[in-house]
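Have the viewer open as you read.

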Amino acid sequence: MPIEELKRPDRIDEDRIAKLKELFPEAFGDGKLNIEILKDEIEGLNVNLIEDNTEEYYGLQWVGKKEARKLALLPPQGTLKYKKGDGINESDTKNLFFEGDNLEILRILQKSYANRIKVIYIDPPYNRGEDLIYKDDYKDPVEKYLQKTGQMDEEGLLTSNPKDSGRFHANWLNMIYPRLKVAKNLLKEDGVIFVSIDHNEMANLRRIMDEIFGEENLLSELIWDLGTGTQAGHFVRAHEYILVYAKNKDKLPNFSGGEGTIEHSALKKISKKNPSSHFTFPKGTRFEAVDGTELKGEWGGSEKTFLISGRMIAENGVLKESVTLEAGWAMKGQMEQWFSGKETFDSKGQKVLEFYFNSSGVLKYKKERSVVNPPSIIKDVGSTKSGSQTLMDLFGENDVFDFPKPIALMKFLLRLILKDNEYVLDFFAGSGTTAQAVLELNREDLGKRRFMLVQLPVKTNLEKYNTIADITKERIKKSIEHLSREDDQKVILDEGFVVYELDKTNIRKWEGYEGENLNVLNQNLDLFTSTSIIEEANDIDVVTELMLSQGFPLDSSVKVIEKSSNSLWIAQHEDVPFPLVVCLDGKLQVETGRFLNDEYGKGTFICLDNALSNEQKILLSESMNVKTI
Ligand SMILES: C[S@@+](CC[C@H](N)C(=O)[O-])C[C@H]1O[C@@H](n2cnc3c(N)ncnc32)[C@H](O)[C@@H]1O
């Protein structure tokens with residue numbers, strides 16, 4: 001196996017080019033892409049796919065779109081640092097809370113959480129004129145973020161975007177576009193994204209979601225009926241939207257859920273296609289007519305039933321005797337099965353509960369409603385007022401956070417699709433409604449759904465909570481406490497979370513220096529040759545950074561073993577085939593090298609560049625994927 005110097009990737013989605021190469025090798029002569037050949041190849045497939053007109057073509061354009069695209073492809077510059085003690089029940093939880101700018105955090109999660117998130121829900125700033133939005137820095141995203149953290153909104157992390165700014169829509173699109181693009185990679189193939197929005201950006205959001213997720217993957221433009229409305233010109237506006245896209249609609253089963261039963265006639269009009277036949281109903285079959293009612297001859301409207309033998313008499317709500325009838329039975333096979341006492345299901349998998357006669361002698365069926373497509377208008381799930389009331393109940397004070405979403409809305413959405421051991425990611429977490437909804441759903445059915453939230457530490461005016469991220473964490477804690485108070489049954493539920501914050505990288509080599517100051521450059525070079533890890537770094541932070549860059553999720557098991565005076569960090573995860581071993585010591589002992597060869601073959605080994613002798617490099621690379629920093 002090769003030994004390579006561990007480098008920051010040039011782009012976030014290196015794999016896409018590799019896929020293109022694989023599909024169209026002809027277009028990659030000498031390693032370079034020849035667009036004309038690619039065009040010819042595609043045209044050769046006889047599909048009318050190539051847009052000839054490069055000046056006028058379909059698609060939403062705005063000032064800054066090119067830059068926004070680049071932002072989405074930028075590799076991560078920072079890392080995530082574990083904030084021990086900021087969460088609760090930290091050792092028993094898979095729930096995650098990230099503090100920092102969501103774009104950089106989404107980039108950092110690219111490798112380790114690609115195709116692992118089942119649901120993304122976001123509620124970004126709606127761009128109503130008074131909303132503050134994040135201003136990305138292309139050159140130095142993490143450094144700018146760290147400089148501005150903790151400052152008040154206007155000069156700090158968020159800036160205003162008034163309607164008369166001249167770039168009102170463009171500014172918002174430039175913020176949201178790269179985030180959606182990066183987030184898509186994290187979704188599972190059968191994953192779904194929900195985005196809350198109102199009339200201000202609905203049209204634009206729809207167009208960019210079509211571009212990023214594909215028009216064919218739109219599931220719905222849900223309307224959230226707010227119950228009450230606000231006067232808006234000629235209409236009272238009483239709704240918001242939730243755009244729903246699948247990552248890949250073909251891979252997503254129909255939404256199922258809902259409660260209750262369905263009752264319907266089990267008869268069809270007699271025709272050539274649906275000829276009549278005889279069926280004998282046993283004594284005791286439910287018959288809703290009043291006692292003593294007897295039907296004779298034939299009855300029913302266009303779907304007639306004929307008496308063939310026996311008597312159709314009602315007594316105590318059931319048939320007094322067995323009776324043979326003739327009709328155009330709509331579900332004869334299921335009737336035969338059910339009356340013979342077997343469990344019966346229809347073609348959609350819905351359980352048949354009963355066949356019975358109504359008071360007019362019409363045969364009806366009753367089924368368990370197990371497959372229902374939810375309606376596209378969501379009603380009776382509250383409004384932001386009820387969201388505020390929930391916060392008031394938890395915090396005991398008003399105005400902790402403006403416009404939180406109601407818990408009932410979040411539960412409705414999550415119930416459609418989020419199952420045990422699956423993550424919902426909300427990277428505009430606000431007060432953390434999504435987390436509370438997950439915790440409550442799990443309480444209701446002892447489920448194991450998980451959440452992953454991202455929130456900027458935007459400074460607040462409140463005395464108790466310095467930043468919005470502090471409010472989010474406090475809300476999650478309070479809702480866990482609240483649940484425990486309501487029901488202190490000892491059930492094993494994941495009621496905790498771990499906090500990580502966005503920080504600068506621990507690996508000096510990745511930082512680079514683009515200035516012209518020779519002294520600084522020389523200093524940097526000296527440092528490079530001495531150590532590639534920054535002085536203040538803790539080993540565990542370096543290991544976490546390396547794990548994330550090598551595709552190991554944060555719930556990987558990490559242990560340290562001591563071998564011949566070397567400390568070896570071993571990370572393993574059920575979804576990653578081979579382990580990661582990290583050694584941050586200045587020198588790797590010969591025996592340690594042998595031990596690694598024997599125990600961790602096929603795994604990845606990362607160590608400092610000058611910790612290995614040439615001999616060791618050769619030996620280790622025979623069995624392991626060796627990378628140096
Ligand atoms: C509309 S609120 C979400 C409210 C949330 N759904 C609730 O129920 O409480 C949007 C949140 O996104 C946060 N935000 C804005 N830009 C962000 C960014 N770049 N990274 C992380 N969070 C951001 C804001 O601070 C705000 O708290």
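A residue counts as near a molecule if one of its heavy atoms lies within 4 Å of it. On that basis the ligand has 20 residues around it, and D123, K405, S431, T433 and Q455 come nearest. Before going further: this is a predicted model, where local features need pLDDT of at least 70 and side-chain atom pairs pLDDT 80 or more, while totals for chains, interfaces and linings use all residues. Numbering starts from 1 along each chain as its sequence is written, and side-chain values use heavy atoms, with hydrogens and water left out.

| Residue | Ligand atom | Distance |
|---|---|---|
| D123 side chain | nitrogen | 2.7 Å |
| S431 side chain | oxygen | 2.6 Å |
| Q455 side chain | oxygen | 2.9 Å |

The ligand exposes 600 Å² when taken alone, and the protein buries 92% of that (Shrake-Rupley areas, 1.4 Å probe). The shell around the ligand splits into nine nonpolar, seven polar and four charged residues; here Ala, Val, Leu, Ile, Met, Phe, Trp, Tyr, Cys and Pro are nonpolar, Asp, Glu, Lys and Arg are charged, and the others, Gly among them, are polar.

On a 1 Å grid over the protein atoms alone, a pocket is an open set of points with protein on both sides within 12 Å along at least five of seven lines, a cavity is a set where a 1.4 Å probe fits but cannot get out, and lining residues have an atom within 4 Å of a point. A volume is the space filled by probe spheres set on the points, which are joined across faces, edges and corners.

The second largest pocket holds about 850 Å³. Its lining has 27 residues, with D13, R16, K19, K184 and N185 nearest the centre. Helix 1 (14–23) and helix 6 (168–186) are among the elements that give two or more residues to this lining (helices are DSSP runs of H or I, at least four residues). By class, the pocket lining has 13 charged, nine nonpolar and five polar residues.

What about cavities: how many reach 30 Å³ or more? The count is one. The largest cavity has about 30 Å³ of space, and its lining includes L71, R107, Y134 and P141.

Key. A polar contact is a pair of N or O atoms within 3.5 Å; within protein, one must be able to donate a hydrogen and the other to accept it, and residues adjacent in sequence count only if both atoms are side-chain atoms.
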